[in-house]
Amino acid sequence: MPQPSMPESAPIAVAMSGGVDSSTVAGLLVRQGHKIVGMTMQLWNQRRLPELAPETSGHGRCCSLDDVYDARRVAEQVGIPYYVVNFEKQFEEQVVQPFVDEYLAGRTPVPCTLCNNYIKFDRFLEMADSVGAHQIATGHYARVRFCDASGRYQLLRARDASKDQTYFLFGLTQKQLSRTLFPLGEMVKPEVRELARGMDLAVASKGDSQEICFVPNGDYAAFMSAYLKDKGIEPQATHGEIVTTDGRTLGEHQGIHHFTVGQRRGLGISSPEPLYVISTDPQTQRVVVGGNDDLLCGRFVVRQMNWISIEGVDTPVRAQVKIRNKHAGAQATLHATGDPNCVEVVFDEPQRAVTPGQGAVFYDGDLVLGGGWIG
Amino acid sequence: MQHFYFDHNATTPVAPEVLETMVSCLGQVYGNASSIHYFGQAAKQKLEAARRQVAALIHANPAEVVFTSGGTEADNLALLGTVRAAGRPHAHLIISAIEHAAVLASAAQLEREGVAVTRLPVGSEGTVDPEDVRRAMRPGTVLVSIMHANNELGTVQPIAEIAIIAHEAGVPLHADGVQALGKIAVDVNALGVDLYSMSGHKLYAPKGVGALYVRKGTKLAPTSFGGHHERDRRPGTENVPAIVALGVACELAGRTLAAESERLAALRDRLESNVLGHIPGTGVNGAGANRTPNTTNVYFDSIDGEAMVIALDLRGFAVSTGSACSSGAITPSHVLTALGLSADRARSSLRFSLGRSTTAEQVDALVDALEASVTHLRRISVHA
């Protein structure tokens with residue numbers, strides 16, 4: 001796909017969260033002489049579920065008034081037009097609701113990937129288009145490059161391995177990648193902060209944001225209870241049995257959404273050897289527990305595949321596979337299945353806690369081959 | 001890049017004459033208007049001169065003008081003050097569905113305090129049917145509050161007819177006149193209103209000053225407490241420079257209103273006919289109603305109004321999707337949905353409000369920019 005020709009005057013739309021990364025992107029691009037439009041996506045109304053940590057300030061949580069204030073201040077500092085665009089409706093429909101549904105279905109979702117797929121690199125790109133910007137830039141730690149040999153846009157891990165966000169970007173299409181800039185991909189975080197300080201940005205020493213922006217303090221179970229209550233949905237069958245892999249009942253629990261595969265804490269059961277959640281079943285509301293070995297999995301199928309740096313797998317391909325964000329990645333072979341949207345992953349060594357609802361992302365060194373959903 | 005302002009219903013620039021008077025007042029007339037001495041008297045004279053100027057524009061007695069911090073405070077004082085003064089246990093309030101947030105939120109507060117509130121619908125042209133007011137009347141009704149001109153559409157409500165109905169029932173009538181004052185002739189006696197809200201910054205005076213007309217004999221309880229200013233209706237040391245500015249702005253409006261409204265109506269008509277003639281899938285919301293001369297609200301089918309405002313701003317044209325007070329809201333305009341517009345059509349609508357600085361060249365340039373933006377937006381939405 002060739003780079004589309006762009007008019008001189010077409011601006012780049014920077015997605016500004018009010019954090020140090022995206023603020024630095026805005027400053028950096030202005031410094032490089034680009035015409036920039038800053039935009040903050042209003043995604044979630046933090047006042048909507050007031051019972052969730054009402055005393056804490058909105059700091060570090062997405063879309064708080066403070067963050068919008070910070071983004072606006074940075075836009076003023078670097079001298080760019082700035083707008084707040086409201087995607088709350090789309091965010092709830094395409095990120096929050098699926099997040100809740102997935103947990104209720106006994107899976108462990110990755111809302112950041114959904115947000116990237118449907119909001120940041122879809123709705124935001126569309127808004128950028130609407131206002132005459134052909135490219136967008138974000139503060140993600142990842143790299144994009146065009147490969148002449150394959151004619152494809154490639155996604156690569158960030159130079160700063162500790163900040164790499166490619167795990168959450170596996171859903172990006174060629175079209176999306178062709179129009180996206182990740183100016184921080186070649187930098188390490190201390191360099192970014194240094195740049196922000198150098199530009200005297202008001203947010204230079206602001207803390208990093210937490211993982212799931214709309215869930216205060218990472219307490220997703222409390223979020224779900226508050227959200228379901230707000231929607232007027234009575235939580236049905238919020239308790240069930242905790243059983244062993246061989247069918248013995250060990251106790252009761254307060255709802256399968258409190259459990260994720262591999263979890264050890266919070267089971268409320270004393271046992272001679274450590275017990276882990278092996279699986280959850282929404283039909284029977286059962287939580288199945290077992291020993292560490294029961295968690296090991298040698299092969300699994302990945303659905304809704306999105307190929308990035310390669311077109312797909314006809315013959316088996318070797319790759320490093322990451323099954324959750326904090327997973328170091330493990331050597332595996334990718335096998336085609338009858339369905340072009342599905343791939344079978346066969347690990348060299350069985351891996352612990354392959355969790356339905358999580359993403360599986362395939363790497364060849366720094367190159368992201370593609371990814372899809374587990375289960 | 002040149003920037004053109006088509007958002008005079010959000011706020012207006014301070015007129016040069018107003019600015020000059022205000023600055024000189026700020027520098028020289030610093031006395032407290034309640035003080036006995038020379039300095040206080042000088043301030044008091046300016047204050048009362050301004051009161052006469054405001055009263056003259058609306059054909060009121062100066063003693064019936066209460067200065068406030070703006071239109072929102074005037075609306076709050078009118079609603080809360082009248083209903084609380086009535087002191088009825090089962091009080092009832094009638095408003096329309098298309099009121100400004102200052103009235104809607106005041107009514108909602110009264111509702112929380114136990115007052116029954118009727119919100120009258122409007123017809124497809126954006127006006128209240130006076131007969132609906134008659135039907136909504138109850139023995140406990142203590143106030144009718146209907147805006148004079150709507151901020152999003154410019155539609156002018158049949159205030160005089162509503163006043164007759166209200167008074168037949170012995171109920172006072174408040175009109176939020178913030179978007180009418182300076183745009184159309186206002187005569188509180190011809191209208192028959194008992195309370196009338198005004199805002200300085202909508203007619204070329206600065207922000208932070210407004211007034212409430214209170215007909216002699218109208219019962220009004222104070223909503224804030226302090227000294228005996230404004231005949232015990234609104235405590236606090238008077239903001240004399242801003243009030244003086246409002247007075248000058250009212251005088252200026254009185255002098256220029258006839259000619260300016262004719263000029264603006266011609267520009268508004270030029271804008272509408274060129275948009276409707278050149279851009280398919282467009283129409284004017286509330287077109288059939290009697291409207292203020294400077295305002296038009298146009299839908300552009302299949303266009304996202306929020307994106308259009310940004311795209312136009314980047315081309316140098318300042319417009320809005322509706323009330324500035326609800327910018328960034330996800331719910332479509334309550335005014336447009338009250339007209340019966342679908343949520344999609346409401347979201348595709350833009351408000352253009354013209355003013356003293358608007359010229360035919362600016363209007364033509366705006367039409368060109370609209371045409372280009374709509375073409376671009378419709379093209380990309382086909383590809384999306």
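Predicted model: local features only at pLDDT ≥ 70, side-chain atom pairs only at ≥ 80, totals over all residues.
Chain A is built from seven helices and 17 strands. Its radius of gyration is 22 Å, close to the 21 Å that the globule rule gives for 375 residues, and chain A is therefore as compact as a globular protein of that length. The C-alpha trace of chain A spans about 70 × 55 × 35 Å along its principal axes. Of the 375 residues in chain A, 45% are buried. Contacts in chain A between residues at least 6 apart in sequence were also examined; 65% of these join residues at least 24 apart.

The domain assignment divides chain A into three parts: domain 1 (12–139 + 183–218), domain 2 (236–290) and domain 3 (296–374). Between the C-alpha centres of domain 2 and domain 3 of chain A the distance is 27 Å. For chain B, the assignment gives domain 1 (4–12 + 257–383) and domain 2 (16–252). The C-alpha centres of these two domains of chain B are 28 Å apart.

Within chain B, 29 residues of domain 1 are in contact with 28 residues of domain 2. On the domain 1 side of this boundary, the elements that give two or more residues are helix H9 (240–278), strand S10 (295–300) and helix H11 (334–338) of chain B. The largest share of that side comes from H11(B), with four residues. By class, the side of domain 1 of chain B that touches domain 2 of chain B comprises eight nonpolar, 18 polar and three charged residues.

Contacts also link the two chains. Here 15 residues of chain A are in contact with 12 residues of chain B. On the side of chain A that touches chain B, two or more residues are given by each of strand S2 (36–42), strand S3 (82–86), helix H3 (88–104) and H4 of chain A. By class, this side of chain A has seven nonpolar, four polar and four charged residues.

In soluble globular proteins, nonpolar side chains tend to be buried together. In the present model, the largest nonpolar core has 134 residues, and A:Val14 and A:Ala26 are those with the most contacts inside it. Helix H4 (residues 111–130) of chain A provides the largest share of this core, eight residues. When its neighbours within four places in sequence are left aside, A:Ala26 is in contact with A:Val14, A:Met16, A:Ile36, A:Gly38, A:Val74, A:Ala75, A:Val78 and A:Ile80. Another core, of 88 residues, lies apart from the largest one; B:Leu47, B:Ala78, B:Val122 and B:Leu252 are among its residues.

Helix H7 (residues 220–230) of chain A was considered separately. In H7(A), the residues A:Tyr220, A:Phe223 and A:Tyr227 are buried. These three residues cover an arc of only 55° around the axis, and so they are on the same side of H7(A). An α-helix has 3.6 residues a turn, so residues three or four places apart point the same way. The buried residues of H7(A) pack against H3 of chain A, the helix that also gives two or more residues to the side of chain A that touches chain B. H7(A) is followed by A:Gly232, which has a positive phi, near 75°.

Technical notes. Residues numbered from 1 in each chain as written. Chains lettered and ligands numbered in written order. Core = buried A, V, L, I, M, F, W, Y, C linked by C-beta atoms within 7 Å. Buried ≥ 20, exposed ≤ 12 C-beta atoms within 10 Å, placed from the backbone. Contact = placed C-beta atoms within 7 Å. Nonpolar A, V, L, I, M, F, W, Y, C, P; charged D, E, K, R; others polar. Domains from an automatic or database assignment. Arc of directions from axis to C-beta. Rg over C-alpha atoms; globule rule 2.2 N^0.38 Å.
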